Amino acid sequence: MGTERMYLVNATVITPHRMLPNSAICIEGGRILAVLRMESLNTGELMKAGHSVVDARGAYVAPGFVDIHVHGGGGADAMDGTPEAFLTMAAVHARGGTTAMVPSTLTSCDEDLIRALAAFDEAIGRQSAGAELLGVHLEGPYFAQSQRGAQDPQYIRNPDPDHYLGLLGLSKSIVRVSAAPELPGALELGRELRRREILASIGHTDATYEQILEAVEAGYSHVTHLYSGMSGVHRMRAYRVAGAIESGLLLDDLTVEVIADGRHLPAALLRLIYRCKGPDRIALCTDAIRAAGMPAGEYTMGSASHGQPVIVDEGVAWLPDRSAFAGSVAQMNRLVRNMVNLAGASLPDAVKMASLTPARILGIDRRKGSIDRGKDADIVVFDDEVNIRLTMVKGNIVYRAS
């Protein structure tokens, strides 16, 4: 954590509500001390006084991005089960403006899940750079087979307390669990997650609207990658029934996350989600696999030794038969850019969906997610095209574009 006083000057500072041109940020002890107008500063005097001065050269300065669903990057995956994999992910995604992240596991055998949880806990103790590792997201194995997508079908199961209590007892780093709420035992799982203050998220589900209502009452409050791996409106005995997609759009008690990589969802659906939910209930997430930050080609999703093969082409990952997407290869700055260019969001709204809203969903918005006095100095600097120039975590510069 940085201890000296630093000034980030000549910036257009983005707050949750507006943009402040010709401004500066004062940082001390790894936290934001103040947002200042440039006319109140003399950079020469600051440097003479021994303070560090970083010139943003008129670029945008925003709160760092919080990715609440990411599997890998830079050739590494959370399911590799090594501390190095998590540290690599943190470094690679910092280049896309991510300053805090929740690595996600996949549906797998218990041995691989246990290994990944242990490796994450070790990585936290060793981390000195890159995006901050906030905790682990268990994506599965409690999913509907019919909506499994790229999840390994042989390990999908119903949530049994003997199983999930064992997993939850292995690590205090589990901060989020995704499950299909219509499965036997899933409502009890939701209640247990709520009791432990772990985010319960609806994902890979065939639930109807009525089943989603039961899930919300049981403690589920978030929707995993809206539109991907979930039911939409369908017919039952000739009657139309709303599914998980419509429930996510309709229910104010549910926040949603969106893979706005420009591949998973077209512009029309991004605009629809933005109009229905607004920036306070949408979190942008990458759902990135190990191929993020890497060239196109063949990769594995999940464990490098026995994960599922995928093909990266056209800016997205596919199952080998191209029947479904298998995660993205995006970094967070691409999502922010797309919400402006494709969904018509304002830049402050797009930044909010990548920072303050996901921080609030995780319950960490008192210390992260916006440029406010006393919050962690997690800051990103970018140009008009949201190309990242600099990423700072708790006052330390962890990435600077060459």
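Helix α10 spans residues 347–354, and eight of its eight residues are buried (under 20% relative accessible area, with exposed meaning over 50% and partly exposed in between, for a 1.4 Å probe and protein chains only). Helices are DSSP runs of H or I with at least four residues, strands are runs of E with at least two, and both are numbered from the N terminus. The model is predicted: local features need pLDDT of at least 70, side-chain atom pairs count only at pLDDT 80 or more, and totals for chains, interfaces and linings use all residues. Residues are numbered from 1 along each chain as its sequence is written, and side-chain values use heavy atoms, leaving out hydrogens and water.

**Nonpolar cores**

- A nonpolar core is a set of buried Ala, Val, Leu, Ile, Met, Phe, Trp, Tyr and Cys residues joined through side-chain atoms within 4.5 Å.
- The largest such core has 92 residues, and Leu284, Val336, Met339 and Phe382 have the most contacts inside it.
- Helix α3 (residues 110–126) gives the most to this core, with six residues.
- A second, separate core of 18 residues includes Leu8, Val13, Leu20 and Ile25.

**Around Phe382**

- Leaving aside residues up to four places away in sequence, Phe382 touches, among others, Ile14, Tyr60, Phe65, Leu347 and Val351 (contact means heavy atoms within 4.5 Å).
- Two of these partners, Leu347 and Val351, are among the buried residues of α10.

**Aromatic rings**

- The structure holds five aromatic pairs; rings of Phe, Tyr and Trp (its six-membered ring) pair if their centres lie within 6.5 Å, and planes under 30 degrees apart count as stacked, over 60 as edge-to-face and the rest as tilted.
- Phe65 and Phe382 form a tilted pair, 6.4 Å centre to centre with 35° between the planes.
- This pair links strand β6 (residues 65–70) with strand β23 (residues 379–382), its members being 317 residues apart.
- Both Phe65 and Phe382 are buried, and together with Tyr60 they form one aromatic cluster.
- Tyr142 and Tyr164 form an edge-to-face pair, 6.4 Å centre to centre with 80° between the planes.
- Tyr142 lies in the loop between β11 (136–139) and α4 (161–168) and Tyr164 in helix α4, so the pair ties together parts 22 residues apart in sequence.

**Cysteines**

- The disulfide count is zero, a disulfide being a pair of cysteine sulfur atoms within 2.5 Å.
- For Cys276, the nearest cysteine sulfur is that of Cys285, 18 Å away.
- Cys276 is partly exposed at 38% relative accessibility, while Cys285 is buried at 0%.
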